[in-house]
Amino acid sequence: MRNQKSRLIFVLVLALFTILVTIGAQNGLVSTSFVKTLGKTLCLCIAALAMDLIWGYAGILSLGHMAFFALGGYMIGMWLMYARTEEIVVASLANAGLPATPEEISQGIASQIFGVVGASDLPMIWGFAHSLPLQLMLVVLLPGLLALAFGWLAFRARVTGVYLSILTQAMTLALALYLFQNDSGLRGNNGLSGLQNLPGVTAGQQEVSLWFFWAAAAALCITYIGLSAIVSGKFGSVIRAIRDDEARVRFLGYSVEAYKLFVFTLTSVIVALAGALYYPQAGIINPAELAPIASIYLAVWVAIGGRGKLYGAVIGAAVVSLLSSWFTGGRAPSIPLGFATIDWVNWWQVLLGLSFVCVTLFAPKGISGIFDWVAGAASPDRKGAPLGRDDGSLQEQEALK
Amino acid sequence: MSALLEVSGVSVSFDGFRAINNLTFSIGTAELRAIIGPNGAGKSTFMDIVTGKTKPDSGAVTFGEKSTSLLKLSEAQIARVGIGRKFQRPTVFEDQTVAENLILALKAARSPWKVLAWRIKSIDLEKVQRLAVQVGLADHLPRKAGELSHGQKQWLEIAMLLAQEPRLLLVDEPAAGMTLAERERTTELLTQIAQTRAVVVVEHDMDFVRRLNCRVTVLHEGAVLAEGSLEHVTKNQDVIDVYLGRG
């Protein structure tokens, strides 16, 4: 019941927010770049929801999920860049007088896209880039299969806790290093660019930014409702049980490894889809997006927002990433201290680090703990050793009262 | 009576220490059995082997009419075959309600896809209600398990075991931390359960074992030292020497 209520509130708040931003944008009160920032933030909220499912509910601290976010971005970026370049090439060849042959067009596209890394042939992995449906399929399939393979190896070997976190960091780092190479087929450290230009669309960025904002809001809404249905049912009960005592869950007959793999893969696909919505708004993607720190930020957002609560993850991602773009955007006023100046572009990291430490130490429920506090919900706190036989069912602390 | 669980010639060592030494044990389909023995006799290791947590170096463990070997199965598969285990310390999911704990344990499909599609039906609610009544937790269904007292947690765990509908229950020191009245109730419950299933109780407390009034297996240094009624084994000189004599 409580879950359904919070679901309703969430959807209403999101709808209200979307309407306000839309009205603001159409009256020139909200700039196009800020609409983009908000749209991107909503995508980050989706990623945070997935992170909350795997970490907050299933207890698996994956520090590699932003790799799937970037992979989703790369997959959609390939189509965007290919189709856009195709338009340009076809237009310029049309001026040459003779109708262009398909070979000429594909040659033109290849040298346009890959001239920057000194190649003139389309690598094999661009084989699907001409088709939006095929490339959209890859947005789901590539991260999904990678997560399936990685998760199968890791969970089957019963890698847990901090070791799994390190392994996922290694995965995202390895992927980033691979993509940094010029011959990786994805333009090395140049990444993919010009993604904000939708092929075949003549509308200006002002309109396009709103389309993506709406799409991101709708995706967030669907993800929230879907995940909240999952976690409030028996599946959610099983994964929370795995988080709290996985050995016990095994003795109940549940295959813990299968559940972990399921959650790992599902969340990777969700994150990849969020990435596919994010990067057309960002306009550019490069391998730096897969840096290990990106995934750590994702965990920090969820921790600050409050893990184990879906709205907590959304609040955390929205608040922290918006603050982050405000502080690092140079708009926050510097504070002169006489002997030194607090310049927020650099000091923001310190502030973020400190607040993460404080949340972990003093408010483990994060920002969403405020809602619990207001509602007066308390979690059971019945610590202390059992007193031993015959002194009965009292716990130490109760008996000593 | 045909045996439900057959453990034959099982040995296991940890770092050269023989925890279980050529152990042979069997139990019928509806039988209550107590296993006693001093610390380090191999009682817990025995349970670990049957439930798949520890793989033995040699020997065979078979279960059911078809004599399925348990050695190749994972813990989860063994649980699905029909072996339930209750740990010494009550291990319930404290962050979830009593009802959620019981629903988790209810016999149903265990694969992620099927659990995702699973919806509670009135028959499941009835089962949960019946189990809760059986262990005296009917008024506590919406409470978080973490709020329960120690004895109530023990019972919740027993109810969860029953919800799994296992054919064999392994119960580790059920009476630990219970009041006298609670123990009596536990005894009753265990004897009642053993009318339809096999129940193995590992216990330190001789009083409690006496109350169970069943066949007793005495373990010592990883092997069976004596087996029979409590009367019989307490008269056995070996048993007196290694175990009872100390107290």
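## A lysine in a loop of chain A

With 18 C-beta neighbours inside 10 Å, A:K365 counts as partly exposed; on this scale a residue is buried if 20 or more other C-beta atoms lie within 10 Å of its own, exposed if 12 or fewer, and partly exposed in between, with C-beta atoms placed from the backbone. A:K365 sits in the loop that joins α13 (344-362) to α14 (369-375) of chain A. Helices (H or I, at least four residues) and strands (E, at least two) are DSSP runs, numbered from the N terminus.

Leaving out residues up to four places away in sequence, A:K365 touches A:G306 and A:D372; two residues are in contact if their C-beta atoms, placed from the backbone, lie within 7 Å. A:A94 is 271 residues from A:K365 in sequence and 61 Å from A:K365 in space, C-alpha to C-alpha.

## How to read the model

This is a predicted model, in which local features need pLDDT of at least 70 and side-chain atom pairs count only at pLDDT 80 or more, while totals for chains, interfaces and linings use all residues. Residues are numbered from 1 along each chain as its sequence is written, and chains are lettered from A and ligands numbered from 1 in the order in which they are written.

## Chain A as a whole

Chain A has 15 helices and four strands. Its C-alpha trace spans about 100 × 55 × 50 Å along the principal axes. Of the 401 residues in chain A, 42% are buried. Among contacts in chain A with a separation of 6 or more, 75% are between residues 24 or more positions apart.

## Helix α2 and its two partners

Helix α2 (residues 32-57) of chain A packs with helix α7 (residues 205-232) of chain A, their axes coming within 8 Å and crossing at roughly 15°. Axes here are lines fitted to C-alpha atoms, for helices over the stretch in contact, and angles run from 0 to 180 degrees between N-to-C directions. That angle makes α2(A) roughly parallel to α7(A); angles under 35 degrees count as roughly parallel, over 145 as roughly antiparallel, 65 to 115 as roughly perpendicular and the rest as oblique. The residues of the contact of α2(A) with α7(A) comprise 19 nonpolar, six polar and one charged. For these classes, Ala, Val, Leu, Ile, Met, Phe, Trp, Tyr, Cys and Pro count as nonpolar, Asp, Glu, Lys and Arg as charged, and the others, Gly among them, as polar.

What about α10? The axes of α2(A) and helix α10 (residues 256-282) of chain A come within 9 Å and cross at roughly 175°, which makes α2(A) roughly antiparallel to α10(A). On the α2(A) side the contact includes A:K36, A:C43, A:I46 and A:L53, and on the α10(A) side A:F264, A:I270, A:L277 and A:Y278 are among the residues involved. By class, the residues of this contact of α2(A) with α10(A) are 14 nonpolar, three polar and two charged.

## Helix α12

The 19 residues of helix α12 (residues 310-328) of chain A should span 27 Å at 1.5 Å a residue, and the end C-alpha atoms are 27 Å apart, which agrees; the expected span is 1.5 Å times one less than the number of residues. Buried residues in α12(A) include A:L310, A:Y311, A:I315 and A:V320. Just after α12(A), A:G330 takes a positive phi of about 80°.

## Where the chains meet

The contact between the chains takes 36 residues from chain B and 29 residues from chain A. On the side of chain B that touches chain A, the elements giving two or more residues are α2 (75-81), α3 (98-105), α4 (112-117), α6 (150-163) and α7 (180-193) of chain B. That side of chain B has 14 nonpolar, 12 polar and 10 charged residues.

B:A198 belongs to strand β8 (residues 198-202) of chain B and counts as buried, with 24 C-beta neighbours inside 10 Å. Beyond its neighbours within four places in sequence, B:A198 is in contact with residues including B:L4, B:L5, B:I27 and B:R167. B:L5 is 193 residues from B:A198 in sequence, yet the two are 8.9 Å apart in space, C-alpha to C-alpha.

Most residues other than glycine have a negative phi. B:N22, in strand β2 (residues 17-28) of chain B, has a positive phi of about 50° and counts as partly exposed, with 14 C-beta neighbours inside 10 Å. B:N213 has a positive phi of about 55°; it lies in the loop between α8 (206-212) and β9 (215-220) of chain B.
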